[in-house]
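The sequence and the structure are shown first.

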Amino acid sequence: MEDNLIFRGESYWPPHILDGLVSVVYNGQKYNSYTSNAINLYESLRQSAFHFPDKCCIIDDSGSSYTFRQFLELVDNFSNILFHQYHVSKGAHVALLMYNSIEFCVSFYAIIKLRGVAIPLPTKYRKNEIFSLIEKSALEGLICDKEFYEWFDHDFDARPYFLLKVDSGSHLYSLPKSRERQAPNPTPASEDVAVIMFTSGTTSQSKGVMMSNFNIMHALNVYQRIFEISPNDKTMIPIPIYHVTGLIALLGLFIFAGGCIHLHRTFNANRILSDVKNHSITFLHGSPTVFSLLLDYKDEYPRLPSLRILACGSANMPRKKIRDLHIWLPTMKFHTVYGLTETASPATIFPDDAAISPHIGSSGHPIPGTSFKICDEKGTPINAETIGSIYLSGTVVLPNYFNYEADTLKDGWLDTGDLGYFDKEGYLYIVDRKKDMINRGGEKIWSFDVENALYSIPGIEEAAVVGIPDEKYGEVPAALVTIEKSSMLTQTRIQNILKGKLANFQIPVKILIVDNLPFTPNSKVDKRYIRQLLLKNS
C-alpha cells in the first residue's frame with residue numbers, strides 16, 4: 001500500500017502533543033502509545049487521589065461533593081462487597097443499569113479495580129430492549145437503580161447472575177458498606193477488557209464493543225494533551241453516562257486529569273448553563289443536539305467567561321451552529337471530535353478553534369496513534385480529496401466485538417461505515433453514513449451537504465435529510481425540519497431558496513415541517529423513523 005494513501009496522526013500534531021509517544025507491542029502488533037499511561041482507570045484514580053487527596057472530584061446531582069480521597073475510599077469499600085459477597089474477579093461481566101450518580105461512578109471503578117468487565121446499559125431503553133442486551137452479555141452480575149428492580153422479580157432465583165439494587169435518586173449514598181477484609185488489588189494488564197458497550201441501533205443488531213485498558217488509557221492521554229485538561233478544569237455530565245462520551249471522554253478523563261465533575265441525573269439545558277455560570281465550568285463535551293438546545297438559552301446567559309472549550313462529537317455539527325456558538329461565546333474554542341464507540345471515543349480532533357478556521361466543517365486531524373485510509377467500493381485506498389469509505393486502525397481501535405463475527409474489522413482496519421475524504425492538509429471531512437447516502441438515478445447525494453444548506457436558511461432551526469423511494473429515480477432526497485415560531489417558511493419557499501444553494505437533483509422533493517426532530521435513545525437523529533414519517537405523509 002502506498003504510504004501517501006495513509007493519513008497518520010503523528011504527521012499533524014506539534015511536538016508537545018507527541019512527546020512520550022513510543023512504539024509498543026500489543027497483542028502481537030506494533031502501536032504508538034504514550035509511556036505516561038496508568039495501566040487502567042482505577043490506577044489513574046489512585047494516582048489522582050495521591051496527588052490531590054483533598055481536592056473535589058465529584059459533585060452529585062443533589063450537590064453532595066466527594067474529594068478524590070473519599071471517592072477512592074468508596075470505590076475500595078464497594079470492591080470489597082463485590083469481591084467477598086458476589087465473587088467478582090478478573091473477567092467477570094457486571095452490568096450497570098443506573099442513572100448519572102455517585103453510585104454509578106463508584107460501581108464502575110470498583111469493577112475495574114477487580115479486573116472485571118463493566119457493561120453500562122441504557123436507562124432510556126425499555127424492558128424488552130434491556131433484556132435483549134442482557135442475553136448477549138454473559139452476565140455474572142447486575143447493579144441497577146431501584147425503579148428497574150421489579151423487571152427482574154420474575155424467576156429471580158433462576159437467573160444466572162446476582163442482582164444488587166441501589167437508590168441513586170435518594171440524595172443519600174446508597175451502596176452497601178463493607179465489613180469485609182480488604183479485597184485484593186490484582187495487577188492489571190493493558191490487554192484486559194475493561195468495558196463492553198453496545199452500539200446504537202436496534203437491539204437485535206447491536207454489537208458489544210470490547211474496550212481494553214490499552215484503548216481507554218490512550219484515549220484519555222490524547223484528550224488530556226490536546227485539550228490541556230488540568231486539575232483546574234471543571235466539567236459536567238448531563239448526558240447519559242453510559243455513552244462513550246460520558247464514560248470515557250468526561251468521567252474517565254477528568255478523574256485521570258484531577259479535574260472536578262458535576263453529575264446531572266437528567267438533561268436540562270437551563271440548569272446546565274446555570275451551573276456553568278455559578279460553578280465556573282470550563283469544559284463541555286456533547287452532541288450537536290446538546291449545543292443546539294443550549295443555544296435556545298443564549299439570551300438568558302449572555303456571558304459565560306469560564307467556559308474555555310466546547311467539544312462536539314457523535315454527529316454532523318452544521319457550520320452555522322458553530323458560528324452561532326462563537327458569536328454567543330467568543331472566548332471559547334470549539335473542537336469538533338470524530339469517533340465511535342469502537343475507538344473508545346476519539347479518532348480525530350479539530351486542533352484549534354473550528355469556529356474561526358477555514359477548515360470549519362471538518363472533523364480535524366487523526367489523533368496520535370491512529371492511521372486512516374479512504375477506500376473505494378472495492379476496498380482499495382484512494383487519494384486525498386476523493387470521497388470514499390473511511391477506514392481506521394491504531395491504538396484506540398477495539399480488539400474485537402464480544403461474541404460477534406464482524407466484517408468491519410479486517411487486518412486491524414475498522415470500516416467505520418462513514419463516507420468522507422481528507423484534504424491535502426490532513427483534515428477529515430465526513431459527508432454521510434453509507435446507509436444514509438442517497439442515490440438518485442446514479443447521482444450521489446450526501447445528506448450532510450443538503451442539511452448544511454438547509455441550516456443556512458434563516459428561520460430553520462433543525463434539519464434532517466434522508467432518501468425515500470421513487471419510481472423514476474429509485475431514490476430521492478426528502479427532509480424533516482423545525483422552524484422558528486415567527487418564521488413564515490413553507491415547503492415551497494424552502495425549495496425556492498435552495499435553488500440558489502444546491503443543484504436541482506439535491507433539492508428535497510418533500511420537506512415536512514414538524515415541532516421536533518425524533519431521536520434514538522442514544523440521542524442521535526432517528527433517520528429510520530424519519531423515512532417512515534416522510535413516506536406516511538407522501
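Helices and strands are here DSSP runs, helices of at least four residues and strands of at least two, numbered from the N terminus. The structure is a predicted model.

**Loop residues**

Is Q506 buried or exposed? The relative accessible area of Q506 is 14%; buried means under 20%, and Q506 is therefore buried. Leaving aside residues up to four places away in sequence, Q506 touches I445, V450 and P477.

T35 belongs to another loop, the one between β3 (29–34) and α2. A relative accessible area of 55% makes T35 exposed. With residues up to four places away in sequence again not counted, T35 is in contact with G20 and V22. The C-alpha atoms of T35 and I390 are separated by 28 Å, and the two residues are 355 residues apart along the chain.

Most residues other than glycine have a negative phi. R115, in the loop between α4 (102–113) and β7 (117–120), has a positive phi near 65° without being a glycine. D411, in the loop between β22 (409–410) and β23, likewise is not a glycine and has a positive phi of about 55°. As to accessibility, R115 is buried, whereas D411 is exposed.

| Residue | Relative accessible area | Class |
|---|---|---|
| Q506 | 14% | buried |
| R115 | 15% | buried |
| T35 | 55% | exposed |
| D411 | 81% | exposed |

**A five-stranded sheet**

Five strands make up an open sheet of mixed pairing, and their order is β14-β15-β16-β17-β18. The edges are held by β14 (283–286) and β18 (365–366); each has a single partner strand, so one side of each is left without a neighbour in the sheet.

How do the inner pairings run? Strand β15 (residues 309–312) runs parallel to β16, and four bridges join the two. Within this part of the sheet, C312 stands opposite T336 in β16. Strand β17 (residues 348–349) in turn pairs with β18 in the antiparallel sense, over two bridges. There, I349 is set opposite H365 in β18.

Why is β16 described as largely enclosed by the rest of the structure? Strand β16 (residues 333–338) has six residues, and five of them are buried, so the strand is largely enclosed.

**A helix pair**

Two packed helices are described by the angle between their axes and the distance between the axes. For helix α2 (residues 41–51) and helix α3 (residues 68–84), the axes come within 9 Å and cross at roughly 140°. The crossing of α2 past α3 is left-handed. On the α2 side the contact involves Y42, L45, R46, S48 and A49, which meet F68, R69, F71, L72, V75 and D76 in α3.

**Rings and charges**

F71, one of the α3 residues in that contact, also belongs to an aromatic cluster with F104, F108 and Y109.

The count of aromatic pairs comes to 19. One of the pairs joins F350 and Y427: the ring centres are 5.5 Å apart and the planes stand at 50°, so the pair is tilted. F350 lies in the loop between β17 and β18, and Y427 in the loop between β23 (413–422) and β24 (428–433), so the pair ties together parts that are 77 residues apart in sequence. F350 and Y427 are both buried.

Charged side chains are also placed over rings. The charged end of K165 sits over the ring of Y149, at 4.8 Å from its centre. R440 lies over the face of Y473, and the distance to the ring centre is 3.7 Å.

Conventions:
Residues are numbered from 1 along each chain as its sequence is written. This is a predicted model: local features need pLDDT of at least 70, side-chain atom pairs count only at pLDDT 80 or more; totals for chains, interfaces and linings use all residues. Side-chain values use heavy atoms; hydrogens and water are left out. Two strands pair if DSSP finds at least two bridges between them. Rings of Phe, Tyr and Trp (its six-membered ring) pair if their centres lie within 6.5 Å; planes under 30 degrees apart count as stacked, over 60 as edge-to-face and the rest as tilted. Buried means under 20% relative accessible area, exposed over 50%, partly exposed in between (1.4 Å probe, protein chains only). A charge sits over a ring if NZ of Lys or CZ of Arg is within 6 Å of the ring centre and within 35 degrees of the ring normal. Axes are lines fitted to C-alpha atoms, for helices over the stretch in contact, and angles run from 0 to 180 degrees between N-to-C directions. A crossing is left-handed if the near helix is turned anticlockwise from the far one by less than a right angle, and right-handed if clockwise. Contact means heavy atoms within 4.5 Å.
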